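Here are a few notes to read with the structure open beside you.

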Amino acid sequence: MLRYTVRRLIQLLGVVLVLSLLVFAWLRALPGGPASALLGDRGTDESRAALNKQLGLDQPIFIQYFKFLGRALTGDFGNSTGVQPGDSVVDIFVQRFPATIELSVFAIILAVIVGIPLGYVAAKRRGTWFDNLSVGGSLIGVAVPVFFLAFVLKEVLASKLGLPSVGRQDAIGATRVTGFFVLDGILTQEWDAAWNALKHLFLPAIALATIPFAVVFRITRAAVLDVMDEDYVRTAEAKGLTAQVVRSRHVLRNAMLPVVTTIGLQIGALLAGAVLTEKVFAFSGVGEALALGFERRDYPVLQMLIMVAAVVYVVVNLLVDLSYALIDPRIRTR
Amino acid sequence: MALLEVRDLTVQFQRKGEPSFTAVDQVSFDVEPGQTVGLVGESGCGKSVTSLAIMGLLPKRGAKVSGTVDFEGTDLLRLSDKQLRDKRGRDLGMVFQDPLSSLNPVIPIGVQVTEVLERHRGLSRKTAMVEAAELLEKVGIPDPTRRLTEYPHQLSGGMRQRALIAIALACRPRLLIADEPTTALDVTIQAQILTLLKGLVKDLGTALVMITHDLGVVAGLCDEVNVLYGGRVVEKAQRHELFAQPRHPYTHGLLASIPRLDAPRGERLNPIRGSVADNIPWDNGCAFAPRCPNALDICRERTPVQEDLGGGRLLRCHNPVQPEVPQEVSA
């Protein structure tokens, strides 16, 4: 198990290295560049050339790359040119990442605590109106584009529910411990601040949660349907176990295998949804920074954030694979 | 009074947009305490559905069960789900056909044994574990303490079936239903499992309903045999009488189709012609008539009724096989 983990982490290093090269090349292949993005229409050829020289973009691309790589190894990913000009990219990341984590975790928790029970009940009542309704609903959940849903939630529901429609403001006077606003509020027992942060999370999290929810629901339903017909569930019934024990120990435990994979994949995919959701709600996380970074051709910000996204994705998948061994003993002994 | 009295047990499956399908048709039989009764027939004759109906394990939607299943005077078909759960595993045990798929793959064997002890005998996990080890030992699993921590995939097929038997007998039920418990095992293991079952039910005084298509199993185990065809009991007899003088052409065919070691070389096997149809009608004549070598015109017109031949022998046939005249008399 340990050897497996180490091997996967070494693979991850390779992935990051190759990806850094690709991202580096792709960004520079995009039309335009930081200079034209920053200077806009007012830019002259001379001013653009001067800015490019200042940013080091006049040098051959492989020299730029090795310089970037060298600095990255010391933990320096350069300074932002467009998102928060002049700020260190690492600082921007540290400042914004907690917001995205908070949003994603909240969204995935919503998706799981609604999706799994609903999937179980729908499977148990296969073919009833409840089942048909929730399957239809989940189809809509998958089909509605996130940005559209985010807009609807923001423009229509926010005012009706009295929830904030914009942003993740740092509440004035709130004490910061971890950078996770809800968590900070709880840790410092500043309940108002925690509640305020939670309210700001609510609508973006719903927008972000719809697709993972729909997918988790459908996979749970399918898995429970499969497992319910298994012989070992019949054995459990033949033992006269209570309905609760049959459900939790025999049906759900086995049905969770594909669901865990799905949750892992969805966490990886959340970042894509976060870009759209954060942009709509002006929620200052890394998703918003990515969107801004593309608009303003902020190479250093994009380079780091894309690579972090890749690392998160690979690490989450590794955790999913490792969690298999916890759930399924057949994998453990292999 | 019999331990189990099954009367006119009928199971119909209903699917949307399809005519209902009768899998078990007015089946009646008794099981005395400590007795071993066989339910014999080809695949699809309704023997497994009968056992699931007795245990209350048929799906609630889609299966219509009628008749009575009196167990120690209580009709199991009238019990609530909760009352039935109290009886299953405690008073009624069941062993299934495929030992690998019948054990939960992600839970240690130990938990799968102890959960039934915890449920019905209120034992703590710790005491239950001690007892589970004793149970595994009793069913012939070596090194039981280690096996308790292992998972089903780490056990051999024979071991798994032994573990399932241990689970079914953990609470010393008065009745054990074994649904083709040896079909998925290889032949040497089959014999071991049958010997084990035979010994255990004798020691514990448990009555056994043995469901099988294998007449060898019947010969070695059963006191009384019910032969099923098309969801109905076509012949019922004590084991010795059934083997000595099968009266129903179907029973006769089953016995005749067993390859014999003492048959002359090159002799062809004697299979029963045709195969079991999906939905066998008993409304117009005998369901076995299309495959029956003895079939008369009446067999295709009038449904045979069950006759009592005396001595606990029942037969449903218009033109039964005549008892063979003993050899020395004919000579």
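1. Please keep in mind that this is a predicted model. In the contact, chain A contributes 21 residues and chain B contributes 26 residues. On the side of chain A that touches chain B, the elements giving two or more residues are α10 (231-238), α11 and α14 (329-332) of chain A. The largest share of that side, six residues, is supplied by α10(A). Sorted by class, the side of chain A that touches chain B holds nine charged, six polar and six nonpolar residues.

2. Next, have a look at helix α7 of chain A, which spans residues 146-161. At A:Lys154 this helix bends by about 35 degrees. A:Lys154 is also one of the buried residues of α7(A), along with A:Leu149, A:Ala150 and A:Leu153.

3. What do the buried residues of α7(A) pack against? Their partners are α9 (191-228) and α11 (243-280) of chain A.

4. A last stop is A:Asp184, which sits in helix α8 (residues 181-187) of chain A. Is A:Asp184 buried or exposed? A:Asp184 counts as buried because 20 other C-beta atoms lie within 10 Å, and the cut-off for buried is 20 or more. Between the C-alpha atoms of A:Asp184 and A:Ala197 the separation is 9.6 Å, with the two residues 13 residues apart along the chain.

Technical notes. Residues numbered from 1 in each chain as written. Chains lettered and ligands numbered in written order. Predicted model: local features only at pLDDT ≥ 70, side-chain atom pairs only at ≥ 80, totals over all residues. Bend = angle between axes of the 7 residues up to and from the residue. Helix = DSSP H or I, 4+ residues; strand = E, 2+ residues; numbered from the N terminus. Buried ≥ 20, exposed ≤ 12 C-beta atoms within 10 Å, placed from the backbone. Contact = placed C-beta atoms within 7 Å. Nonpolar A, V, L, I, M, F, W, Y, C, P; charged D, E, K, R; others polar.
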